[in-house]
Amino acid sequence: MRGIKCELMDYTFTFPPELKEARGPVVLQLPSGLKRAAAELVQCLRAYGIDPIVEVDPTYGSCDIHAPQLREALGDNVTIVHVGHTPYPPELARGASIEGVRVVYAEASFNIPPRSDVIKGAAGILISRGLKRVSVLTTVQHAKFYEAVVRGLEEAGLSVIRAGKAPPYLLEGQVLGCDYRVVPRLAEGYVILGGGLFHAIGLYLATQRPVVQVDPYRQEARDMTREGERFLAMRLKKVSDAMNARRWGVIMGLKTGQYRPWVLNALQASLRHHKREFLLLASEVLNQQYLRDVDSEWFEAFVVSSCPRLPVDDLYEYEKPVLTPGEAFMALQGRLEPYMFPW
């Protein structure tokens, strides 16, 4: 059975053939940047006899499937079509789905490759830093151009160490905001294929080595190292500020793919070992206002076990230290290096 392909907004959306066999309600789940394609995607799917409901709520990755809520609303046999991400690695959380909910993953592949001069520009930045041995990482939307970037860097005289993979969860060189296991640690620097700050900053925090971005959307190469250094300095200040904290809030995640009991257990054990007091806090959605609602003079620091990008990207301006698990372990041990990210 052949899959379903829809061409929209410079993307190819590929839906697996088993979607045609769905017998209950079908929910189309899109990341925010692709939601404006929803109406045309529904028209495309209707041509194959599939009439999905479009979910408007944000989804931040395959850790954020909303399976319990959708089953509660739509009953058994609901099918969630999660677009733009690969399945979430099960060892990172309790799992992204529940009984009675079928989750299928649809690819959203960007169709415009980075120009050769952009790849050469990235190579030039790396060479100007005196680097010879590099590696290429990518987001899933641009994974089909991974080989082209590797080839371009090699043609420019760089030695490229192939990145790892963990199918079906991670394609070759694919990184998530919370998972950098495929990154070769012998590389002297990295090229990240993708747009925006999110993955470039995550890659720098995970490696503390030069990162150059090849951006297919803007068709430009950018040295992201200084920006990464700026983020790292902010994170180390937060760790330093938390070292003397005696009373902690430990935040557990309630999203289906963000409850991590082993992380919670390790944090609680470390807090007890270092004779700190703590309260467990549960949150499905976390932002500054929600945290401020529960905050009081009792709390001196917080650690987020659900998503390590929340402290880095969303809560960095909070008036008290809000740390990732790795940062919390550093603070409790009274050290600033080596920096631990994300876990």
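**A pocket and a domain interface**

Good morning. I begin with the second largest pocket of this predicted model. Its lining comprises 18 residues, and T86, Y105, A106, E107 and V140 are the ones nearest the centre of the pocket. The volume of this second largest pocket comes to about 250 Å³.

Let me turn to what makes up the lining. Which strand gives the most to it? That is β6, with five residues. Both β2, spanning 11-15, and β6, spanning 101-110, supply at least two residues each. Sorted by class, the lining of the second largest pocket holds ten nonpolar residues, six polar residues and two charged residues.

The assignment for the protein chain lists domain 1 at 4-110, domain 2 at 116-229 and domain 3 at 244-333. Taken over C-alpha atoms, the centres of domain 2 and domain 3 are separated by 30 Å. Seven residues from domain 2 and four residues from domain 3 take part in the contact.

The size of an interface is often expressed as the accessible area lost when the parts come together. For domain 2 and domain 3, about 370 Å² is buried between them, and 66% of that is on carbon and sulfur atoms. How many salt bridges does the rule find across the interface of domain 2 and domain 3? The number is zero.

Thank you for your attention.

How values were computed. Residues are numbered from 1 along each chain as its sequence is written. This is a predicted model: local features need pLDDT of at least 70, side-chain atom pairs count only at pLDDT 80 or more; totals for chains, interfaces and linings use all residues. Side-chain values use heavy atoms; hydrogens and water are left out. On a 1 Å grid over the protein atoms alone, a cavity is a set of points where a 1.4 Å probe fits but cannot get out, and a pocket is an open set with protein on both sides within 12 Å along at least five of seven lines; lining residues have an atom within 4 Å of a point. Grid points are joined across faces, edges and corners, and a volume is the space filled by probe spheres set on the points. Helices (H or I, at least four residues) and strands (E, at least two) are DSSP runs, numbered from the N terminus. Ala, Val, Leu, Ile, Met, Phe, Trp, Tyr, Cys and Pro count as nonpolar, Asp, Glu, Lys and Arg as charged, and the others, Gly among them, as polar. Domain bounds come from an automatic or database domain assignment. Contact means heavy atoms within 4.5 Å. Buried area is the accessible area (1.4 Å probe) that two parts lose on being put together, summed over both. A salt bridge is a side-chain nitrogen of Lys or Arg within 4 Å of a carboxyl oxygen of Asp or Glu.
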